[in-house]
Structure formats: structure tokens, C-alpha cells
Amino acid sequence: MDKILRIDMSATGGPQQSTEKAGEFAALGGRATTSTIVAKEVPPDCHPLSAENKLVIAPGMLSGTAAAISGRISVGCKSPLTGGIKESNAGGQAAQVLARLGYAAIIIEGLPEGDDLYKIHINKDRVEISVDNSNKLLDNYPLIDKLRKEYGDKVAFMSIGTAGERLMVSASIACTDPELRPTRHCGRGGVGAVMGSKKIKAIILDDAGCTNRPPRDAERFKTANRAFVEGIRKHPVSGEGLPAYGTNVLTNVLNEAGGYPTRNFKTGQFEDASKISGESQAELEIARGGKATHGCHRGCVIQCSGIYNDKDGKFLTKQPEYETVWSHGGHCGISDLDTIATLDYWDDNIGVDTIEMGVAIGVAMEGGVIEFGDDEGAIRLVRDEVGKGTPLGRILGGGAGMTGKAFGVTRVPVVKNQALPAYDPRTVQGIGVTYATSTQGADHTAGYAVATNILKVGGDVDPLKPEGQVELSRNLQIATTAIDSTGLCLFIAFPILDQPETFQSLLDLLGGFYGIEMTGDDIVALGQKVLTLEREFNKGAGFGPEDDRLPRFFQTEKLPPHNLTFGVTDAELDQLYNWD
Amino acid sequence: MAEKQSLRMVLPLEQLSAFSLLLQQGVWLRAQIGCSVASLLTEQFGIAEDYIVERITTLFLDCRPIDDLETSYVSDGSTLALSSAMPGLVGTTMRRGSHLAAMRGDISGQVQQPVESGMGRIRIKLFNLVMAELGATFLTQGICLSNAELDNFLSAKDDIFWQSVAATMVGDLQIDPVSLVKYIRSADPRAEILLQVEFES
Ligand code: SF4
């Protein structure tokens, strides 16, 4: 990854491309790369859909290598949903292919004149940016079917559906999976609208003739990779639970804990949770000839995904993840897996974030647009309103915050205008701290269960101290930011959390590849550096401490069954970024 | 509700999944109450200690995650949910003895004083790998259902389920599926029945 591709969509005479040396980014990746470039090159106070914003696409530090489970791709920009910095990542094949092509990043800047729609084809010999108006207003599935006929099956696609073309701020960027289906999405923050504003419908990545990136120390790298894979396979979460049931295995547990936000965060338990649980979902998938175990990209050794077939045994969608099942399920009072899977298909096809869309529908239900539990109504809203860009569809596609305003709803679960995911912060207060303070807006992956205990980020935390919530969240956010830069799937967090030898093999993987010695301290320093840059960008965009807050109702409305409110004070929240 | 009847079914092990929803939603069992969760699981249910340590790493007693099985006591009517280790921040947080337990401190089960002992009923919920591995054991020991619940359960079963039933007995009497459903429907819907399922591998 020794080069960066820069595409100027504003250039006179049509888009221009240039290639520059990767420099400091040659040994960086993912979120570290996207956030550094955005912080350096994008004016924080610009309009996110203007020529001044840039779309930065970066594979991870280990993408394109033989390292297991290293295929996450990051997309960064100023978010049109939050107004702050955004890094949104996804699986699929794109990261591996882009890294093998040698690119540390693609930076897309400017806006083209006119209404033409472009596609970008990148292979080892050239980059071709061409007008293709025949792709206009195609959704992701038909678009990819069409592009496969033109470019074949040995490529990876990144694309936007109609939501991205219509500049909806919940629009995602789809990345194709190993079967070339547009099922993996950089979903959060409206990155698809930024791609749409630059009039780019699809990026075709073709690594024919390229090989894996070679490690500096091949032997060390190989040994570390073997140990890393062994560690992942022997851990009960990454080796058994996730492959068997996927992330939706969390439904029953969250519901039992009373932390499963139900009917727009009114209660913490859904009476029909077991009907839509990962256990029930996996049984249904297997019974219909689908798969309960499937990787979103080649080289994934966990395989938390699956294939969801319809009643006739035909492919309907990939296995919906926990957050999707929640947003379209319990959050909306819907308890039918086929309805949820159909909504997941339409989200992917239109190209919207499943969390933002599901939460917006729940808020619309609260606002009386349809009833809670209206399966057909929910499908109609996504397929016929959002999918067709009607005025109501544009409100919903504008996210949960906009939907709340349009329908006079006071209980709107957003932070920095981004919808909260599937864990109620009144039950698990620590995650509320992350939702409130993350640079990204409410995001469950911003402070993942990474090995802060092993890393000793911030030293040993006393879990009994009241400020422990803030310390834990801070440490988790720092460690997660670093992992987001490696290109490794966050689900490696569990084996590295519990097995110090697997954490060491991760350090050896990075060390063996780059020919350097990595320590836990280096990981912490990287995480802190990136978070500081992101925080500074957000300050420049007008964010202050008052934006690091949960919506008021979390402090005033008690959540049954535990009848708790969110109790971390504003003063405590303001202590999160205390290292600079 | 006194226990009045028992129903015994013999099924192939592949049909364990037919009970999945029931096990996730929770099944009532008769048990000695007033004991610790540790003693309930090992002494009454016969679950090996190693299995509990390695596999049942997430437990909820009456919706509260518990960290110490020796000082958490079951009362009459308690619900105990058993799960293996979970992914995600919140999943990790819920784990027994998690280093992130502080994040869910407000809902954690607290150390209790022992409660009154005697015979009673507790509800067991089984999730994920634990359901797959212990579901048959609990069903073989027997679960308590009202006739109405049993009717709902049996009515939802398809032909494949009924064709795979090797034997059905009410008390000591062999009974065919059609007569069984009729029998359950004619009984007091609130009266309780003990369902025991034997699985043949
Ligand atoms: S574990 Fe799941 S999300 Fe992660 S790379 Fe594998 S399939 Fe994709």
C-alpha cells in the first residue's frame, strides 16, 4: 500500500486523477488513515455535501495480506448525518482487493458539474473514471447484476443505491461479499450521501494479476497468523457462539438483562424476543436450506454471518445482524423474522443504514405514521416510500432525528443526530457514556470490549468507583479506535480479551508484517492520537460538551423492568477526553 | 396448581430443536428452593462444575446478571437464565466476573442472605450453546406446563414432528397423537401437567 489515489471530481473538463506516494499512510490503515486525512484536508465547518468535503476510502493495516479476518474497509468524511467526523467500516471483499492493488487510500474530492453519473474502475494497470447514466436510479442488487455482466465475477464492488443518489443522510455504501452480493455496508453516518453528492455510483476494484502484500518478516508473520487463528478458533465466542448463531445471539441475553430497547425505548424487554433470537433465526435458516455460518469476506475464520432464504428456499438476504433484527424487530414491536429479513433486504437494496432506518421507523410509529407491530406497514415505508424517494420517504431517509422533528416526537433516541443502537444505556450505563461522548455519534462499536484489561489503558480501573464508567468507556474507545485501524474485524476482541497469547499474536502479526516491534503502548498511543484528531475536527465543526449528552428522556424516564434512569452526570461525561 | 398428570414422549434427538422456543422462553421445574444457584445446578440438576465454569459463563437470576453463584439464592418462582459467553461490549459486560461488570453495576445481582428452603418451582431459560447442550437433560427430567400451554405447543407442531414421535404416554397409557391433543383440550386448561421427553440418538 505505497500509493494514494486522488480523484478530483471538480476538475475542468471532467474528473481528474493523480497518484501520490502514501508516505505516513503506508504503515497506517482504516480509521487512522481516513480520520487523519479528513482532519487534515476537510474544513470542519464545510457543508458535508459540498465540494469541500472529501470521501476517503482506506483498507486496514493488514488488509490484502494473508492475515486472517483482515478485510474491513473504512470510509471517512464529514458526516451529513452528524455534522462531525465519520469513519464507517464494513466487511466484504473491497478492503482485500484495494490493498492488493497497492492503495493505502482513495481520496475523492470536489463535485462534478452537471447531472452525469460516474463509475470508477480500478485495476493494476489503470484507473478509469467514466460516465454511465444507465446506472441512474438503480438499486444495489440490480446495479450489481448489471455491473457483473460488464466486469465479471472476479472483482469487488462498492456502490450506492437510490438513497445515496437522492442524498439521504442515512445512505450507506455497499460492499459486495464473496458471492458478489451487495450485503455489507459502511452504514453509519450517511457516507453514501457523500458518495452520491460526488455523483459516483460505483467503484469497481479488480486485482487480477496482483498478489498478497508480502510481510517483512515472513516466518514471524506466518507463525503469528497460525497462533492468531488458533486463538480465535478455540475461544467459545469467536469459535462457537458467533459461528453458530451470529451476532443475533445477543437478543435473548439483552432481553433477559432488561436492556433490550422495545417500542422506541419505552421498556427494556420485548415479549416476543425469543421468536426473533439468533437461536430461532439459525434454526429457520438451516431448515430452509440457507446457512447459519458464513463469512462476509474470504479469510474470515469466525464467520458470524449467514444466508437467509425465504419460505421457498430462495435467497432473501444475508443473515440480519443483531442490531438490524433489533431496529426492525423489538424497536418496532415486530416479531416476525421474515418481515425483518425483508426489511434488511430493502435496506441493502436501497442502500440505507439498517440501524438508522429501523430507528426512524420506530420513531415514526411513535409519531402515529403507522402502529407499532405493523409488519406490512414497515415494509411499505421502506420499499415504497424511502425506496421511491417520496416526501415521506425522504423524511425517514433523513434519519431518526429528522423523523422525530417531522412528527413531533419527543422521545428521539439520537446522539449527535445519529440513532442509538440496540443496547439501552439505562441498563448498561457504561455504554451510555460511549454513546454520549463518541466522536462518531451514538455508536456501539466505538467502545468495543477490546482488551483494556491486558492493554492496561489508563492503568487499572477500580470498577467500584463511580467514575469507573467514564474510565472504562475512555479506555475502550481508545483501544477500539486502534483496532479499527488494523482492518481486523472487531470480533477478534473476544479471544484477545481473554487470551493474552492471542493478543500477543496480534502484536506479532503487525510486527511481522511491518518489521517493527509493536507493544500495547503503541496501540494505545495510536488510538489516542486518532481520537484527538477526531475530537479537534468536531470542535471545529461546532461541537462542544453540550453535544456529548444523551437525549433528556434517558435521565427522566425510568426503564422497566429495572426502573433505572441514566445516572452518569454531565461533569463526569466531560472528563472523558482527559489525556490532552 | 397441583401436578396432576404426566406426559412422556420419545423422540429422536434431531427434534430437540422443536423445543427451542419453549426452552428460550423458560420452562418451569419443581426443585428444592432456598439453595444457592451453584447447589441448584450441580446437586439438583447434576451439571458438572467444570461445565458451569467453562460454559455457563452468563447467568441471570430474575433478570439480574450474577457473578457469584455461591451467594445467589433461588426462591419459589425465581427465573434463572443460563447462557454461554456473549459477544459485543454488552455481552462481555454481562459475563460472570467480567472486568467490565462495573458498566452494568446498577442491575447486577447483589450478595443475598439465604432464603427460606422447601420444595417450589423455578423457571429455567436456556440460551444458545447451553440450550443445545443441556436442553435434552432438562426435558428428560421433566418440565411443568399448563394444559393450555401444552396445547399451544403441540398445536404448532408440523407433520415431520408428529411422524418422528416414537411413543407418547399419558401416565402409563400409550396414546396416539390425535387422542393426545383431544385429551389435552378436554382437560382443565389451567391444570398442570409434567412433560418428560426422552431423546433417542
Ligand atoms: S466475523 Fe462476521 S463481521 Fe467479522 S469478518 Fe467475519 S463474517 Fe464479517
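In this predicted model, chain A and chain B bury about 3,400 Å² between them, buried area being the accessible area (1.4 Å probe) that two parts lose on being put together, summed over both. Carbon and sulfur atoms give 68% of this area. Contact, defined as heavy atoms within 4.5 Å, takes in 42 residues from chain A and 37 residues from chain B.

Three salt bridges are found across the interface of chain A and chain B (a side-chain nitrogen of Lys or Arg within 4 Å of a carboxyl oxygen of Asp or Glu). B:Lys125 forms a salt bridge with A:Glu256, with 2.8 Å between the closest N and O atoms.

Within chain A, the domain assignment, which is automatic or from a database, gives domain 1 (3-205), domain 2 (246-412) and domain 3 (429-573). The centres of domain 2 and domain 3 of chain A, taken over C-alpha atoms, are separated by 26 Å. The contact between these two domains takes 14 residues from domain 2 of chain A and 11 residues from domain 3 of chain A. The area buried between domain 2 and domain 3 of chain A is about 1,000 Å², and carbon and sulfur atoms give 68% of it. Of the area that domain 2 buries against domain 3, A:Phe265, A:Ile302 and A:Arg411 supply 36%, more than any other three residues. One salt bridge is found across this domain interface; A:Arg411 forms a salt bridge with A:Glu557, the closest N and O atoms being 3.0 Å apart.

Residues are numbered from 1 along each chain as its sequence is written, and chains are lettered from A and ligands numbered from 1 in the order in which they are written. Local features need pLDDT of at least 70, side-chain atom pairs count only at pLDDT 80 or more, and totals for chains, interfaces and linings use all residues, while side-chain values use heavy atoms, with hydrogens and water left out.
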